[in-house]
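The stops below run from one selection to the next.

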Amino acid sequence: MIAEEMFDTETLQFDPLLELIAGNAQTPMGRKRILAAAPFTSRPELERDLESLAEAVKLRSEDVRWRFSELRNPAGIISRLRIRDTMIEPLDLRELASLMRQAIEVRSVIREFAEEAPSLWAIAENISPELAGPAEEINRKILPNGELDDSASAELNRLRRDINSQRARLTKSLEALMRSKEDAVQDDIVTVRNDRFVIPVKADFKGKISGVAHGASSSGATVFIEPLEAIEANNELQTLKAKEENEILRILFSLSESLRQSLPLIVIAAEAVAELDAVNAKAEFARSFGAVVPVINNEGDLAIENARHPLLEDALRGTDAEIVPVSFALSSENPIMIISGANAGGKTVVLKTAGLLSMMAVSGLPIPAESAAVPFYASVLADIGDKQSISANLSTFSSHISNIASMIEGLEIPALVLLDEVGTGTDPEEGSALGVAIVDHFRNHGAQVIASTHYRGLKIYAANDETVINASVEFDEKTLEPTYKLLTGLAGASSGLEMAKRFGIREQVIEKARANLDLAAREAEDYLHKLQAETKQAEDLRVALETEREAVAERYASLDVEFRQKEKKRRERFEKEIDKIVSEFETRAKELLRSVSDKKERKKLEKDLAGKKAELKRSAAAATGTEKKSFEPTDDGPPPGMEEKDIPIAPGVQVLLKRFGTIGKVERVTDDGVEVSVGSMRMRQDIDDLQAVSSKGGGAKVGKGSGRDLDELTSREVAKELNLIGKTTLDAEIDVDRFLDESYMARLESVRIIHGFGTGALKNAVHQTLKGHPHVESFGFAPQNEGGNGATIVELKK
């Protein structure tokens, strides 16, 4: 247990916070566990608790969650199970069965995410799947209303059949008797009195039917008689019912004993359900309040960004008001923060937010903030509010001092100390000096301190000590209202006169008070107002500049996207043109080969055409790859470094292909257009799509590597191996064709193509491409030391 004096749970409203979180629990056990939450004394236990919380938050973000429904606290039932030879009531048995079933279901949900949620799995793993058997047996034998099903045992089934038969026979015989004594019977309905079947007889005719009377109606007009001939049948029916009751008791004792054998597993399952429900409740609170899992740091630094007080945020929900987040940080270099500023400006809320959120962190709870790093505090102490008491003879000042004295005695390091209006309630000079001394005492003993004040002495203390953070709550001079923003780096004016004016104090009173202020006080107040105004102006300017910077960045990004889209379209047009040229070349080549009848000549021509095709593809690759990096198409003239020439388009003239942004040479001009060569590739263009150019330094270069001779492609430049693993079959076919062209032109004798094993689709695509390929002499799987069936060796034609 946590000593109450080490954590001021009452002042910081920790219990109402727990009530808020516990509202998300789905079971009484989970709710009880949340309400019992307290700051941890063991760092490893806290880390484990936060790890399971972080995992639950992550799973919830992926829409993975678990639910519990209609579960009661099983503590009482478990206590009765601990007593030997006790029977558990049917509905209580079903309650335990429901607990076991739902526990196993949650275990199966978390098991699927065991690797990414090891801490949660460590909890759920303790739930034994063996509990499924007893749970299923109970649900099979006991109906939802608590009655036993006929199939609970063979004996119970037989007894109930006998009871139904006996009841039917008895009813039939009584109905026959009523028909024979129709004048004496009040109603022809067989009824039951004292658990025995009787007939309603008119009071005046009760002597006509011999039997045992079992009472009369409220009016006395009807007497309920059990005829003599029905007594034996009724007795037999009661005997069967007694046997039925004994059988029911036997079954319930058996089920109770079965659960008693599994009692340790049931207890573990109940504990796991309580813990998982509590974690689930905390994760739901984190989702609802935009909370984060805090980091417990080793450096002893407190840093919380955009923190919100959860109780205040909850109270403002459903209203037009919005909570203003605050950020604060303390460290070993700056362990003190002094907050000043206007009354009702939010200083106390900052103190309570810092204290409550720090206590939540060390209690394993999520924090409503954007980010949070909190030391492993051993104590969080607060002197906030007026604790004056007439019965205890304590004034405002004495109640504060008494509380601070207790805080000094109960201080445990590391500690966070919160002091609201420290030194208030006495002479300002003495109070200011006392406030500085108290803050210094806590700092010298290793505590971190956040204190609020109106005293000039404490403001000067913060301004003169570099290790003390000066902070203030912002006050809008135009509206005379606080903004509740926390500003660091400067002290704040108390704005007492402005606040008095806002709350209706007459103007002449305000002016009289202003005249009574000494000159130094007025100057200090005016200076603080000026500082706050300049700080706000600087912040507004920073926000405006940031907005403008983002707008400029967005504009540049849109221009970049626009350029890329245009470039993509240009490249697509060029590649379509290239594909068309290559296709035409292949068609003409096939026609030429069919016209040659001599085998030797055809083979030689086939080799030459294959070489031309390979060179054509390389030229196309150079044009689409290298050249487009060198030149971009524009409508404003030739690329940089080129000059327009007022000369006609004629053979031998270098021209810019405007559509593609590439440089070529005019080969021939006809009525149908202009034939232009780009490297070894020829294409027909309209004369309007060409522009005569020349390089300032001489002839224009089409691009690096575009004018290479075929002989430059040697076997040293061509790889003897092609790796296709990870490629699609379509890409593989294209790569294999290109690879064989280059290998053939480099005069390689054989090459290896790696396609892997996999499903065999890649291997089949490769072999299909190799069949009938003009460069392939033969092919087969590689030897075992070179890849086996995962690679293919290709022998090329000579």
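Start by selecting Ala36. It sits in the loop between helix H2 (28–35) and helix H3 (43–61). Helices here are DSSP runs of H or I with at least four residues, strands are E runs of at least two, and both are numbered from the N terminus. Ala36 is exposed, at 57% relative accessible area. Exposed means over 50%, buried under 20%, and partly exposed in between, with a 1.4 Å probe and protein chains only.

A word on the ground rules. This is a predicted model, where local features need pLDDT of at least 70, side-chain atom pairs count only at pLDDT 80 or more, and totals for chains, interfaces and linings use all residues. Residues are numbered from 1 along each chain as its sequence is written, and side-chain values use heavy atoms, leaving out hydrogens and water.

Zoom out to the whole protein. It has 21 helices and 24 strands. Of its 798 residues, 44% are buried. The accessible surface comes to about 42600 Å², and carbon and sulfur atoms hold 50% of it. Those areas come from the Shrake-Rupley method with a 1.4 Å probe; for residues, only the protein chains shown count as cover. Among contacts with a separation of 6 or more, 69% join residues 24 or more positions apart. A contact means heavy atoms within 4.5 Å.

Next, select Lys58. Which side chains does Lys58 meet in salt bridges? One is Glu62, at 2.8 Å from N to O. Another is Glu116, with the closest N and O atoms 3.3 Å apart. A salt bridge here is a side-chain nitrogen of Lys or Arg within 4 Å of a carboxyl oxygen of Asp or Glu. Lys58 is partly exposed at 39%, Glu62 at 38% and Glu116 at 36%. The whole structure has 30 salt bridges.

Jump to helix H20 (residues 729–745). Asp735 and Arg738 are 3 residues apart there, so about one helical turn separates them. They form a salt bridge, with the closest N and O atoms 3.2 Å apart. Asp735 is buried at 14%, whereas Arg738 is partly exposed at 42%. Then select Arg72, Arg80, Asp92 and Glu95: salt bridges with shared partners join them into one network.

Now check some backbone geometry. Select Ile413 and Pro414. The peptide bond from Ile413 to Pro414 is cis, with omega near 0°. Pro414 lies in the loop between helix H13 (396–410) and strand S11 (415–419).

Move to Asp195. Its phi is near 65°, a positive value in a residue other than glycine. Asp195 is in the loop between strand S1 (191–193) and strand S2 (196–202). It is partly exposed, at 40%.

Then pick Asn306. Phi is positive here too, at about 50°, and Asn306 is not a glycine. Asn306 lies in strand S6 (residues 302–307) and is partly exposed at 24%.
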